[in-house]
Amino acid sequence: MHFGMNIAGSVGSYLPGMITEIFEPSRDFAYLKLPGAGVQSIIALSNTTPQVMVATSDGYLYQYNIDLENGGQCVLLKQYSLLESSEDLGPTASD
């Protein structure tokens, strides 16, 4: 990984500024962190609200809100267990 970063830095000095910005990790607008690590997941974006839904292989469905003004870390709205009762397990917008 260190070797790759050195190459990217060397090549970046020869490219226009706009292209080198693509390689910068700060270009992400919004991101989310799942409570569990190392599980396979499938994501879906809502076409009506700024939300992301994530279904994981350990049987959970997470619903996150995206801050369209500021970006940053998405806020967990709800967490559902797909393997147990139909009660939601996490925080809700009305709590």
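Which residue stands opposite Val54 in S4? Tyr62 does, and that pairing is a handy way into this sheet. Before we go on, this is a predicted model, where local features need pLDDT of at least 70, side-chain atom pairs count only at pLDDT 80 or more, and totals for chains, interfaces and linings use all residues. Residues are numbered from 1 along each chain as its sequence is written, and side-chain values use heavy atoms, with hydrogens and water left out.

**The sheet**

- Four strands make up an open sheet in the order S2-S3-S4-S6, with antiparallel pairing.
- The edges are S2 and strand S6 (75-81), each of which pairs on one side only.
- On average, and ignoring direction, neighbouring strands of this sheet are turned by 20° against each other.
- For angles like this, axes are lines fitted to C-alpha atoms (for helices over the stretch in contact), and angles run from 0 to 180 degrees between N-to-C directions.
- Strands (E, at least two residues) and helices (H or I, at least four) are DSSP runs, numbered from the N terminus.
- Two strands pair if DSSP finds at least two bridges between them.

**Two hairpins**

- Strand S2 (residues 41-45) and strand S3 (residues 51-56) run antiparallel and are joined by five bridges.
- There are five residues between S2 and S3 in their hairpin.
- Ala44 has Met53 as its bridge partner in S3.
- S3 also runs antiparallel to strand S4 (residues 60-65), again with five bridges.
- Across from Gln51 you'll find Asn65 in S4.

**A trio of tyrosines**

- A pair of aromatic rings is described by the distance of the centres and the angle of the planes.
- Rings of Phe, Tyr and Trp (its six-membered ring) pair if their centres lie within 6.5 Å; planes under 30 degrees apart count as stacked, over 60 as edge-to-face and the rest as tilted.
- The structure has two aromatic pairs.
- In one, the ring centres of Tyr60 and Tyr62 are 6.1 Å apart with planes at 25°, so this pair is stacked.
- In the other, Tyr62 and Tyr64 have ring centres 6.4 Å apart and planes at 45°, so this pair is tilted.
- Put together, Tyr60, Tyr62 and Tyr64 form one aromatic cluster.
- Tyr62 is buried, because its relative accessible area is 3% and buried means under 20% (exposed is over 50%, partly exposed is in between, using a 1.4 Å probe and protein chains only).
- Tyr64 is buried as well, while Tyr60, at 23%, is partly exposed.

**Two residues of S3 to look at**

- Met53 lies in strand S3 and is partly exposed, with a relative accessible area of 25%.
- Setting aside neighbours within four places in sequence, Met53 is in contact (heavy atoms within 4.5 Å) with several residues, including Ile43, Ala44, Leu61 and Tyr62.
- The C-alpha atoms of Met53 and Asn65 are 9.0 Å apart, and the two residues are 12 residues apart along the chain.
- Thr56, also found in strand S3, counts as buried because its relative accessibility is 9%.
- Not counting residues up to four places away in sequence, Thr56 touches Leu34, Val39, Gln40, Ser41 and Tyr62.
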